[in-house]
Amino acid sequence: MTDEKRSIPPTEELARTTEGAAAAAHHAYGDLESVEQPEPPARGPGRLPRLLGPLLLPGLALVSAFLVGAIVIIASDERVINMFGTDPLGALGMGISTTFAAYGALLRGAIGDPVQIGQAIVDLDLNALHRSLNPISETILSSTPLVLTGLAVALAFRSGLFNIGAEGQLQVGALVAVLVGFGITGVPWFIHLPLALIGGAIGGALWGFIPGLLKARTGAHEVITTIMLNFIAFRLVDYTLRTPLYQRPGRADQISKIVEPSATLPQFIDHPLLRAHWGIVVALIAAVVVSWLLFRSTRGFEFRAVGLNASAARYAGMSIARTIVLSMMAAGALAGLAGAAVVLGTTRTMNVGLASGAGFDGIAIALLGRARPAGVVAAAFLIGGLRAGATPMQAATGIPIHLVVVLQALVIMFIAAPALVRAIYRIRTERQTGAEAFAKGWGA
Amino acid sequence: MSAETATAGGRTMTASERTLQRRQRILGTVYLLAATVIVIYFALPIDGATQSRLVLNLPPVTFAIPDLVLPSAGTLYFMALVAAFAGAIQLTRGFGARWALVLGLVATAFVFAFLVWVAAGQSMSLTGLLQTSVQRAVPIVFGALSGILCERAGVINIAIEGMLLSGAFVGAVVASITGDVGIGVLGAVLVGGLLGALLAVLAIRYMVDQIVAGFVINILVIGLTGFLATRVLQQNQQLNTPPRLTIAPIPLLSDIPILGPILFRQNIFVYALFILVIVIFVGLFYTRWGLRVRAVGEHPKAADTAGINVYFVRYRNVIMGGLVAGLGGAYFTIGSGVGFEREMTAGRGFIGLAAMIFGGWNPLGAAGAGLIFGFADAIQARTSILGIPIPSELLGSLPYIVTIIVVAGLVGRARAPAADGQPYKKE
């Protein structure tokens, strides 16, 4: 993955002053930033060391998001509000302790308690070890589809498309995968499992093909068409799961038949508390493939060329229409694979509301990971951890799981507006990474 | 259109002529297909004596008019004939510039055939259906107006969904606490404006990609309202029982048969919307204010040169768009007399966006487009009661499918403001 950096077109690195007072922006190049600028006297906390480099902004964005999240927790606490009139400091203290309890539970739910793990190893207590490893396993489990949907969004980003449809593509992929999973019987796993996975990818690719074709042919903006296709996919799932082909016999609710063992993605460790399965390996392989596709193959070069400058790409003889369709299909296939990984590994059946939100999380992840496969994987584990920790957090502290959605929105906002973060923390100069623009009007 | 007329005299086929020809072929085929569907799917299973009763009166009735009683099969065959005839002419001769009119005609014929088929052997309230259509269109058109205000000034607003949702939430809570509908609406409008300001700051000051900024606001609102609904409203139902807004029939006008109940026997939101549509239309196209807004949306540099403050216009319009969307959001709770539910807007904001595009960034057009979506929505709500052999889940996709067709089929004609989505940087 080290080659990746080389092949990314060098983005112009602008050094900017963030203070509004400095009207004339210094166009100093980040790498040549050896000339020290005079430090303004007593201006806030001063500049943070730039040693952290590319991690600085995402890190600060995370911190900011959690700080704002804390405000949301405190301000929505009834007891705090009731106490605020009589004892503001006590109320604030209580709010802060609630926040710490919530974030603590979130963290424990995401990565577990190291002390417990250590204790279990020392005691050679296998049961305790299983229990203590459960959070990590759950994080891996929820990250599995997120890696893939993140890649689905990132891949489309690279060719200048905003794929909000990963959600629907995932659903359709899951529908096909589960059909292959329970529909075919009596084949060995090394045939059945790949078939089911490919089925999922094809289903998703189909759902990506529609907006791709519409965009290429008519100029219909993919943001609107993919959102609509999401809604249609939900209804489709609703409908399909009631048909006798899918519905599990003897059940009145919308749940599909169970996937054959030969098509399941097996768990790493066969234990009910450790549900992480080989889907994560599929996802990581997909990340490597996407990385190769984008940065090593001709097709990927076309994707990126169209994304960076469609007119130039057309002038160079590339077909914009074909690139759009292929890129949306590839993105859809990745999201469909995410659906397949969930139904073949996690649930082994299909139901309404399966992996809901994974597609939207994919957008956050792609933005967070700067549309790079390695970044996407890291971001997927971060968001997956938040998701996995949210449920135990709600159980332990009563803070609703929706907090995670708020945190996610805030993270994207701070990531997407680096100038905002720099202004908040008074970082004077910072490497400007190329921010892709997707808003190109409504097409045609 | 201008591109088409400019090339009409040329010998070689230009791209726009090819598009025109392809569109003619597609349309003709679609018309024939519609005729086939009407005959095979609607008309053939119905036996000759069945009648469809379309009720036109909606109580309370001042001037009663007779119901529309039609022989089901006969009407269906006639509608099929209309569609087939239009298809045949479209394929052979073409309708030239009147193609849009014919499209509307065939669409109406098909929808009418659908209604006759649904009502075969029973009675269905047509006026009631249309009244529901208007009600369902209200939030969509509010959303579309919000989009128009922003995009005419050159800022893409896909945060409409979030603005609607926030308006629904704040409207419900404030109205419940104060027991006053008016204050509730005010709260909804203000929170919409606040989100508009956030979008404006992100898009204009920090030059965040406008679609990303709008998307962020959407999930922020989904998260916040979901969080607060679970944490606060679930335990305190008294915070989520907004007073019901009563229907305020306009005297005399509401007594007109058919049109009266549809347009003038609604609540105050609907009337506010009528006024807003007209005000924004006149404002955009017949006032200096509107000229400036459009100048900023089309060519900010030129507008700047002419002494218009581009940033000010954009900030103002995006905030105004937020206010309008917040008002539309209140319709979901206060305007419908129900409490807030998580993600209750269910994509109406995005449909509003499509209505804006379909309506060509024009308030009147957007209102018409919104009515079409509202109609699709109302059909879905009604027919599930009447029991027709189409799965309700699939019929539920109707508004979304219509949106896709509209965006795909007609966006090429409507032209977005030239600087839509482009951040402006003063030099």
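**Figure 1. Arg53(B) and its bridge partner in the sheet of chain B.** In this predicted model, Arg53(B) is bridged to Val69(B), a residue of S2(B). Strand S1 of chain B covers residues 51–55. S1(B) and S2(B) run antiparallel and share 4 bridges. The sheet is open and holds 3 strands, ordered S2-S1-S3 (chain B). Its pairing is mixed. Strand S2 (68–71) and strand S3 (123–125) of chain B each have a single partner strand, so both stand at the edges with one side lacking a neighbour in the sheet. From one strand to the next, the twist averages 20 degrees.

**Figure 2. Helix H5 of chain B on the sheet.** H5(B) spans residues 126–152 and packs on the sheet. The helix touches S1 and S3 of chain B. The directions of H5(B) and S3(B) make an angle of about 35 degrees.

**Figure 3. The two domains of chain B.** Domain 1 takes in residues 2–121, and domain 2 takes in 127–410. Their C-alpha centres are 30 Å apart. Contact between them involves 8 residues of domain 1 of chain B and 10 residues of domain 2 of chain B. On the domain 1 side, 6 of the touching residues are nonpolar and 2 are polar.

**Figure 4. Helices H6 and H7 of chain B in contact.** Two packed helices are described by the angle between their axes and the distance between the axes. Here H6(B), residues 160–178, meets H7(B), residues 181–205, at about 150 degrees. The axes lie 7 Å apart. The crossing of H6(B) past H7(B) is right-handed. From H6(B), the contact residues include Gly162(B), Ser166(B), Gly167(B), Val170(B), Gly171(B) and Val174(B). From H7(B), they include Gly184(B), Val185(B), Gly187(B), Ala188(B), Val191(B) and Gly192(B). Classed by residue type, the contact of H6(B) with H7(B) has 10 nonpolar and 9 polar residues, with no charged ones.

**Figure 5. The side of chain B that touches chain A.** Contact joins 45 residues of chain B to 43 residues of chain A. Four elements of chain B each give two or more residues to this side: helix H8 (210–233), helix H14 (348–358), helix H16 (392–395) and helix H17 (398–410). H8(B) gives the most, with 17 residues. By class, the chain B side has 30 nonpolar, 11 polar and 4 charged residues.

**Figure 6. Ile404(B) and its contacts with chain A.** Ile404(B) belongs to helix H17 of chain B. Ile404(B) has 22 C-beta neighbours inside 10 Å, and therefore counts as buried. Leaving out residues up to four places away in sequence, Ile404(B) touches Thr225(A) and Met228(A). Leu91(B) and Ile404(B) are separated by 313 residues in sequence. In space, their C-alpha atoms are 24 Å apart.

**Figure 7. Chain A, the partner of chain B.** Chain A has 17 helices and 0 strands. Of its 444 residues, 50% are buried. Contacts in chain A were counted between residues at least 6 apart in sequence. Of these, 75% join residues at least 24 apart.

Terms used: Residues numbered from 1 in each chain as written. Chains lettered and ligands numbered in written order. Predicted model: local features only at pLDDT ≥ 70, side-chain atom pairs only at ≥ 80, totals over all residues. Pairing = 2+ DSSP bridges. Axes fitted to C-alpha atoms, helices over the stretch in contact; angles between N-to-C directions. Contact = placed C-beta atoms within 7 Å. Nonpolar A, V, L, I, M, F, W, Y, C, P; charged D, E, K, R; others polar. Left-handed = near helix turned anticlockwise from the far one by under 90°. Buried ≥ 20, exposed ≤ 12 C-beta atoms within 10 Å, placed from the backbone. Domains from an automatic or database assignment.
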